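Let us work through the reading of a model in dialogue form.

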Amino acid sequence: MATTLQMSPQLEQIHGEIRDNFRTLANGFQKLDKIKDSNRQSKHVEELTEKMRECKRLIKEFDREMKDEEGRNPPEVNKQLNDEKQLMIKELNSYVALRKTYMNTLGNKKVELFDMGAGSSEPTAQENVQLASEMSNQELISAGTKTMDETDQAIERSKQVVHQTIEVGTQTATTLKGQTEQMGRIVNELDSIQFSIKKASQLVKEIGRQVATDKCIMLLLLLIVCGVIAVIVVKIVHPNNKDIRDIPGLAPPAPTRKLLYVRTTEHYD
C-alpha cells in the first residue's frame, strides 16, 4: 500500500523510517523465542521497547506533517494518508500487546501506555484504555509513581539550568561592570595625556619664540661689533682720510712731527 500512496518527500522519509522500525520489531520478536537466558531476554525486550518508543514518536511526527499538508492535498489523498496512519498505529499496538505477553512470561509486568494523541486517533485511545483496564491497581500506581518521579526529575533539571543561567548572568554582569570602570579610567588617562601634550606644545612654541628673539639680538650685536672693527681697521690703514669720522672714545692718530734745529755760527766755525 505504501507504493501507491502520494506523499511529500518529508512524509516518505518518516514513513520509511517507521516501516524500517516495524521490520526490526518483527525480526526482534522472532529472535526473542530463540533466546533462552531470562536476563538476555529482558535486555532484548528493553531494546524492542526503545524501538516502539521511536515508532510512537515517528507516527506523531507523521501526523503533524500530514496535517500541515492537508490543505494542499486532494481529499482522497488525505483519506489514504489517514488510513495508513491508523494501520501503523494498530501495528504498533500489536507489538505493544506482544511485548506485554513476553513480559508476563518473564515475570515482569511493566506496561507502557502508547497514546498517539493526534487528530482522529480514537482507536488508539480505546486500545490504551483497554490496556489500562487489564492492569492491576498496583501496576497503575507504579506507572503513576514512575511518571511523577520522571516529572520531578525534569523539574529539578530545569531548576538547575535556571540556577546556572542566573550564575552565568551574574558573572557576566560583574565582568561588564569591571570592564566599564576600566574603560572609564582609560578615558580619564587619555584626557590627562591630551592636556599634557597641549601644554607641552604651548611651552615648545614659547621656547621657540624666545630662541628666535635671542638670535636676532645676537645677530644685531654681531653686526655692530663688525662695523666698529671695520671702522677701526680703516682708520688705522688710512689715518688721513677725512671722510671717516672719529670714533667716540678713540684718540685721533698723532700728527707727524718734524725736528727743527738752528744752526749757530759756532757750528760753522
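**Accessibility and a salt bridge**

Q: What is the relative accessible area of Glu91, and how is that value classified?

A: Glu91 is partly exposed, with a relative accessible area of 23%; buried means under 20%, exposed over 50%, and partly exposed in between (1.4 Å probe, protein chains only). This is a predicted model, in which local features need pLDDT of at least 70 and side-chain atom pairs count only at pLDDT 80 or more, whereas totals for chains, interfaces and linings use all residues. Residues are numbered from 1 along each chain as its sequence is written, and side-chain values use heavy atoms, with hydrogens and water left out.

Q: Which residue forms a salt bridge with Glu91?

A: Side chains of opposite charge can pair when their charged atoms come close. The criterion is a side-chain nitrogen of Lys or Arg within 4 Å of a carboxyl oxygen of Asp or Glu. Here the partner of Glu91 is Arg19, and the closest N and O atoms are 2.7 Å apart. The pair links distant parts of the chain, with Arg19 in helix H1 and Glu91 in helix H3 (residues 75-106), 72 residues apart. Arg19 is likewise partly exposed, since its relative accessible area is 21%.

Q: How many salt bridges are counted in total, and where do Glu54 and Arg57 lie?

A: The count comes to 9 salt bridges. Glu54 and Arg57 form one with an N to O distance of 2.4 Å. Both residues lie in helix H2 (residues 38-68), 3 residues apart, which is about one turn of the helix. Glu54 counts as partly exposed because its relative accessibility is 29%, and Arg57, at 40%, belongs to that class too.

Q: Are Asp63 and Lys85 buried or exposed?

A: Asp63 and Lys85 form a salt bridge whose closest N and O atoms are 2.8 Å apart. Asp63 lies in helix H2 and Lys85 in helix H3, so the pair ties together parts that are 22 residues apart in sequence. Asp63 is buried at 3% relative accessibility, and Lys85 is buried at 2%. Salt bridges that share partners also join Arg19, Glu84 and Glu91 into one network.

Q: Which residues touch Asn21?

A: A contact means heavy atoms within 4.5 Å. Leaving out residues up to four places away in sequence, Asn21 touches Lys51, Glu54, Cys55 and Leu58. Asn21 is found in helix H1 (residues 9-32), and it is buried because its relative accessible area is 8%. The C-alpha atoms of Asn21 and Leu58 are separated by 9.8 Å, although the two residues are 37 residues apart along the chain.

Q: What helices and strands does the protein contain?

A: Helices (H or I, at least four residues) and strands (E, at least two) are DSSP runs, numbered from the N terminus. The protein has 6 helices and 0 strands. Of its 269 residues, 20% count as buried. Among its contacts with a separation of 6 or more, 68% come from residues 24 or more positions apart.

Q: Which residues make the nonpolar surface patch?

A: Patches are made of residues with over 30% relative accessible area and no salt bridge; like charges are joined within 9 Å, and nonpolar side chains (Val, Leu, Ile, Met, Phe, Trp, Tyr) within 5 Å. The patch here is about 990 Å², and its members include Ile217, Leu220, Ile224, Val228, Ile232 and Val237. Leu220 lies in helix H5 (residues 137-237) and is exposed, with a relative accessible area of 52%. An unreviewed UniProt entry places a "transmembrane region" at residues 217-237; such annotations may be inferred rather than shown by experiment. That span is 100% helix and 0% strand, with its end C-alpha atoms 30 Å apart.

Q: How is the confidence of the model to be read, and where is the pLDDT below 50?

A: pLDDT is the predictor's confidence in each residue, from 0 to 100. The mean for the protein is 76, and 73% of its residues reach 70 or more. Over residues 108-130 the pLDDT is below 50, and this stretch has 53 contacts in the model beyond near neighbours in sequence. Where pLDDT is low, the predicted coordinates should not be read in detail.

How values were computed: Areas by Shrake-Rupley, 256 points an atom, 1.4 Å probe, with all protein chains shown as cover.
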